[in-house]
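Please keep the sequence and the coordinates at hand while reading.

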Amino acid sequence: MPAFSCAFPGCRRDLLVIVLVVFVGIGLPIEASAPAYQSHGTEGSYLTNVTNTKKAFPVLAVNYKHVRQPFEIALWILLALLMKLGFHLIPRLSGVVPESCLLIVVGLLVGGLIKVIGEEPPVLDSQLFFLCLLPPIILDAGYFLPIRPFTENVGTILVFAVIGTLWNTFFMGGLLYALCQIESVGLGGVDLLACLLFGSIVSAVDPVAVLAVFEEIHINELVHILVFGESLLNDAVTVVLYNLFEEFAKVGTVTVLDVFLGVVCFFVVSLGGVLVGAIYGFLAAFTSRFTSHTRVIEPLFVFLYSYMAYLSSEMFHLSGIMALIVCGVVMRPYVEANISHKSYTTIKYFLKMWSSVSETLIFIFLGVSTVAGPHAWNWTFVITTVILCLVSRVLGVIGLTFIINKFRIVKLTKKDQFIVAYGGLRGAIAFSLGYLLSNRHQMRNLFLTAIITVIFFTVFVQGMTIRPLVELLAVKKKKESKPSINEEIHTEFLNHLLTGVEGVCGHYGHYHWKEKLNRFNKTYVKRWLIAGENFKEPELIAFYRKMELKQAIMMVESGQLPSALPSTISMQNIQPRAIPRVSKKREEEIRRILRSNLQNNKQKMRSRSYSRHTLFDADEEDNVSEVRLRKTKMEMERRMSHYLTVPANRESPRPGVRRVRFESDNQVFSADSVPTVHFEQPSPPSTPDAVSLEEEVPKRPSLEADIEGPRGNASDNHQGELDYQRLARCLSDPGPNKDKEEDDPFMSC
Amino acid sequence: MGSRASSLLREEEIEEIKKETGFSHSQITRLYSRFTSLDKGENGTLGREDFQRIPELAINPLGDRIINAFFPEGEDQVNFRGFMRTLAHFRPIEDNEKNKDPTASEPLNSRINKLLFAFQLYDLDRDDKISRDELLQVLRMMVLRMMVGVNISDEQLGSIADRTIQEADQNGDNSISFNEFIKVLEKVDVEQKMSIRFLH
């Protein structure tokens, strides 16, 4: 590659990369789809041969059939990921065209190639889609759903999701039926129910497509949550309408009773889905309460309970998406209070990883299925569908916003409305639902073609143009803000204020019920679902702790504070301290920090029961943390007291000095808690677990940099001038103390 | 039965309140009936004990401060005008009000006035600064309000208070002035956070 970069100008190298990636990518699945004839051949010949002559022992044999299925699956996934990789190597392309479009194009190419060589390209199997590809994306969305904007706008979202989808369905279905009645179109055989069924499939905004496109445009929070929330919640409506019209189409006639039952069914489906999700969510939260000794499997509980929620609700024909969302939302606060920091990171990354893979696969398969699928093209029908989609969406949004704005405090502006309307993308769910249509419908192929065209139109045209439009209209973008303790405190302050004022007005409004829910949560629910004493921790404190943690990590990573400061977050006294940015403040800080309850920590470290299930070997971890603890303290002391140039005891063995240190530290300890900071250095073997619930080792920030150096210099006792002297005394005279100290560290725990 | 004459609201009064606070006619009458229901003594004014009778305020960590906010400086009774004036801060901001005549005085429910109201709830001694102690008091009330057995020491709250001030303080006086307060909350949607739809 370096050779190329010299010889070729930049763009040609990019082209080369994409060509290479495409060929590699395409070559793989073709190889996979090639039927495994070789294995048959060898087997056959082997059988025939064995009767005639003694065949030589097969040193090397090919048995593709044996591994065929997993092999193909793995190859497809690999293809998807290589494509994704390729796109991001080409900077200009990924800036202009959203990833989803590129992936569909790749899918088209692959499908075309497969067809060219005479194979049958695989179609996006609906069962595979709904059971394997969709759940990770929805779980990722639900688990990380921003709760505050969601609950503030839940009314608006519901109106858009339910009424908007209904409007779209009937508007489109009705007009298409009217279209089919026109003789010249030649589609006389389509009845109203079939059209309505088609309308219901096409009208639902798709969460996958919305996520894929909106993620790249960083629109402001309000519009994002409106479109996104709508795409998630309209699943219930879609499920009901789809099943309803399927049934009606089978029967052929509709009575008033059927309509009434349909409405009842809607409530059952949505509320049932919510209920199932909530049950599994609470189960997961409850289970996580007991996982303190088996940290490694914690993420699995989260994934499995959510997946079970999805499957259970699908089993009853309830809304699986809503179950998944509710499960994630319900279990998150409790699970996060219980699990370790590592598990949290694992969950986050696994969810992101799976949803990313799923999304990529979905779009590629969409492309491939387009090439494969049976098509019946009818210009009028398809074009009308596309136009009607747009028109009905725009009309729906404008009409509904007009009504909604009467009830909103913060009104939706015209720009917001435009983005909401324009961002209503259709995607793979529509395709899969269409694919599920039984062949009984004579218009199935036509419908499929129309659906695919709509999807392509929305994803390509709307997806590609939405970013320049957002720029053009100067729509408010998302404000990147780092967590601020001020905002948190003042927001909570305002909440209390508003609740109080609502009480004065005698009005039971938003704040009143939120406050009631909070109180109920604190007194009854948290007690059962959160392990240990954590449930009493006020949210403000938890927030502060997490914020300090994040900042500490950031500061260390950016090299601002090279020295790792030993610190601890003990159970009861959870409050990390801000790292002062000024070095003169730092000194004082460090002094206070070291006056912390390291003793408590030592106790915890020893008394914890290690098992096979922790991530480290017990002994090693014990030693490692001990050593690290001392290392870091010494390092710190060394830096602190640079002016104390006591090079004494260079040869003094480590243990000796360490014990001296402990002795002095023990003297230093005070009973009450002192603000401490927890620092993390992302260094192997472990990322120090800062959110130390009682089980985890509050890992000392590992100063992996070798701390050889003159131990003798580290003499500061961090409690003031006389401490310096005391320690100097200890150091210069380790003899008498040594014996005494032998026992101390061990006895003090 | 005492005379009910004092409980009738005169039209001129309604007009004046409307002009001052921006509430609509129906709003004013609605809030007036609430006022009278709170006014157990039936003397046309509310005292502190009337407010303390409201259950939501009793369990609210900021209850006392909210009550104090209704009473003008040094007084012990508040009449309906004062009541409305305080509540006017929580009226949602109308779109059409944003384009009002710039020479007119700032309406009571503008963003600045909302923030000023909140600021004054922190700043009890009215020195236009939120000092560390004032912040600490508020934190203590909010964090410790209903949890018995939560042992969060003052020192811990102190460090949070320090951190808060450090984040907001720009002129280095170790306290939060009103301008710094505004700046810190610029990302928070105050118009929505400090409005009660009921008062629309």
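**Backbone, helices and cores**

B:Asn174 is found in the loop of chain B that runs between helix H9 (154-168) and strand E4 (176-177). The model is a predicted one, and the backbone at this position deserves attention: B:Asn174 has a positive phi of about 60° although it is not a glycine. Most residues other than glycine have a negative phi. With a relative accessible area of 52%, B:Asn174 counts as exposed, because the cut-off for that class is over 50%.

B:Arg126 lies in the loop between helix H7 (111-122) and strand E3 (129-130) of chain B. Its relative accessible area is 46%, so B:Arg126 is classed as partly exposed.

Chain A may now be considered as a whole. Its secondary structure comprises 29 helices and 0 strands. Of the 749 residues in chain A, 54% are buried. Among the contacts in chain A with a separation of 6 or more, 82% are between residues 24 or more positions apart.

One helix of this chain that is mostly covered is H10(A), residues 192-202, in which 10 of the 11 residues are buried. The buried set includes A:Leu193, A:Cys195, A:Phe198, A:Gly199 and A:Val202. These buried residues of H10(A) pack against helix H9 (154-181), H12, helix H17 (379-404), helix H19 (428-436) and helix H20 (444-472) of chain A.

Just after H14(A), A:His317 takes a positive phi of about 60°.

Helix H15 of chain A also meets helix H12 (residues 221-251) of chain A: the two axes come within 7 Å and cross at roughly 140°. H12(A) is therefore oblique to H15(A). In this contact, A:Leu232, A:Leu233, A:Asp235 and A:Ala236 of H12(A) meet A:Gly320, A:Ile321, A:Met322 and A:Ile325 of H15(A). By class, the residues of the contact are 6 nonpolar, 1 polar and 1 charged.

The discussion ends with the nonpolar cores. The largest has 134 residues, of which A:Phe129, A:Leu134 and A:Phe214 touch the most other members. H12(A) gives the most to this core, with 16 residues. Leaving aside residues up to four places away in sequence, A:Phe214 touches A:Ile219, A:Val223, A:His224, A:Val227, A:Ile419, A:Gly423 and A:Ile466. A second, separate core of 67 residues includes A:Phe493 and A:Leu494 together with B:Val78 and B:Val184.

Technical notes: Residues are numbered from 1 along each chain as its sequence is written. Chains are lettered from A and ligands numbered from 1 in the order in which they are written. This is a predicted model: local features need pLDDT of at least 70, side-chain atom pairs count only at pLDDT 80 or more; totals for chains, interfaces and linings use all residues. Side-chain values use heavy atoms; hydrogens and water are left out. Helices (H or I, at least four residues) and strands (E, at least two) are DSSP runs, numbered from the N terminus. Axes are lines fitted to C-alpha atoms, for helices over the stretch in contact, and angles run from 0 to 180 degrees between N-to-C directions. Angles under 35 degrees count as roughly parallel, over 145 as roughly antiparallel, 65 to 115 as roughly perpendicular and the rest as oblique. Contact means heavy atoms within 4.5 Å. Ala, Val, Leu, Ile, Met, Phe, Trp, Tyr, Cys and Pro count as nonpolar, Asp, Glu, Lys and Arg as charged, and the others, Gly among them, as polar. A nonpolar core is a set of buried Ala, Val, Leu, Ile, Met, Phe, Trp, Tyr and Cys residues joined through side-chain atoms within 4.5 Å. Buried means under 20% relative accessible area, exposed over 50%, partly exposed in between (1.4 Å probe, protein chains only).
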